[in-house]
Amino acid sequence: LNNVHILSWRVGNGLQGDFSGTVGIKMVKQGFFIFNEVYFDTIERDFVIDGNIDIEMVVDKCITHSYLADFGNTFISWDNRTSSNTLQAKVTGCIFNLESKADNFKIFDLPNDVINTYGSSITFSDNVIRNSGKLLI
């Protein structure tokens, strides 16, 4: 996926909506993914890995930002797992603008067994984190 602007709005009854619970990109199939120059605009969770799958991903020159105050929780997170899986991720050249994000923003919200699995690896380099006081490490 290359050069995309994602703005998500959840509509409940067709007349009113909000941004809560929104997901930018959800990965439900195992595979290798390249994301280049993706702009996540007012999204609660930018990347969500869903299920018992192994993921290899390259994330380059992406931006995460919120126009709403105290909104947005994670950059990469994982849902609905019942077994051990691996994640190989390379995140480079991204801008994390946390000025309007919620306190305790997590760049990686991953289960410990994924992080500690032998086959998992995460490279995080040459990124910019604005207002890093909101970051939960």
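This report covers the salt bridges, the nonpolar core and the aromatic pairs of a predicted model.

**Basis and confidence**

Residues are numbered from 1 along each chain as its sequence is written. In this predicted model, local features need pLDDT of at least 70 and side-chain atom pairs count only at pLDDT 80 or more, while totals for chains, interfaces and linings use all residues; side-chain values use heavy atoms, with hydrogens and water left out. The predictor's confidence in each residue is its pLDDT, from 0 to 100. The protein has a mean pLDDT of 90, and 93% of its residues reach 70 or more. Strands (E, at least two residues) are DSSP runs, numbered from the N terminus; helices (H or I) need at least four.

**Salt bridges**

Side chains of opposite charge can pair when their charged atoms come close. A salt bridge here is a side-chain nitrogen of Lys or Arg within 4 Å of a carboxyl oxygen of Asp or Glu. The structure holds seven. The table includes three of them.

| Pair | N to O distance |
|---|---|
| Glu37 and Lys61 | 3.7 Å |
| Arg45 and Asp79 | 2.7 Å |
| Lys134 and Asp70 | 3.7 Å |

Burial is judged by relative accessible area: under 20% is buried, over 50% exposed, and in between partly exposed (1.4 Å probe, protein chains only).

Glu37 sits in strand E5 (residues 31–41), and Lys61 in the loop between strand E7 (55–60) and strand E8 (63–65), 24 residues apart. Glu37 is partly exposed at 32%. Lys61 is also partly exposed, at 41%.

Arg45 forms its salt bridge with Asp79. Arg45 is in strand E6 (residues 45–50) and Asp79 in strand E9 (residues 74–79), 34 residues apart. Arg45 is partly exposed at 21%, and Asp79 at 22%.

Lys134 and Asp70 also meet in a salt bridge. Lys134 lies in the segment after strand E14 (128–130) and Asp70 in the loop between E8 and E9, so the pair ties together parts 64 residues apart in sequence. Lys134 is buried at 13%, whereas Asp70 is exposed at 51%. Asp103 joins Asp70 and Lys134 in a network of salt bridges. A polar atom of the Lys134 side chain also lies 2.8 Å from the backbone oxygen of Lys101.

**Nonpolar core**

A nonpolar core is a set of buried Ala, Val, Leu, Ile, Met, Phe, Trp, Tyr and Cys residues joined through side-chain atoms within 4.5 Å. The largest has 28 residues, and those with the most contacts inside it are Phe47, Met57, Val59, Phe75 and Leu87. Strands E4 (23–27), E5, E6, E7, E9 and E10 (87–92) each supply at least two of its residues. Contact means heavy atoms within 4.5 Å. Leu87 touches residues including Ile49, Met57, Trp78 and Leu110.

**Aromatic pairs**

Rings of Phe, Tyr and Trp (its six-membered ring) pair if their centres lie within 6.5 Å; planes under 30 degrees apart are stacked, over 60 edge-to-face, and the rest tilted. The count comes to eight aromatic pairs. Phe35 and Phe47 have ring centres 4.9 Å apart and planes at 55 degrees, so the pair is tilted. Phe35 is in strand E5 and Phe47 in strand E6, 12 residues apart. Phe35 is buried at 5%, and Phe47 at 0%. The rings of Phe40 and Phe75 are edge-to-face, because their planes stand at 90 degrees, with centres 6.2 Å apart. Phe40 lies in strand E5 and Phe75 in strand E9, so this pair ties together parts 35 residues apart in sequence. Ring pairs link residues including Phe33, Phe96, Phe108 and Phe124 into a cluster.

Notes
A polar contact is a pair of N or O atoms within 3.5 Å; within protein, one must be able to donate a hydrogen and the other to accept it, and residues adjacent in sequence count only if both atoms are side-chain atoms. Lists of a residue's contacts leave out its neighbours within four places in sequence.
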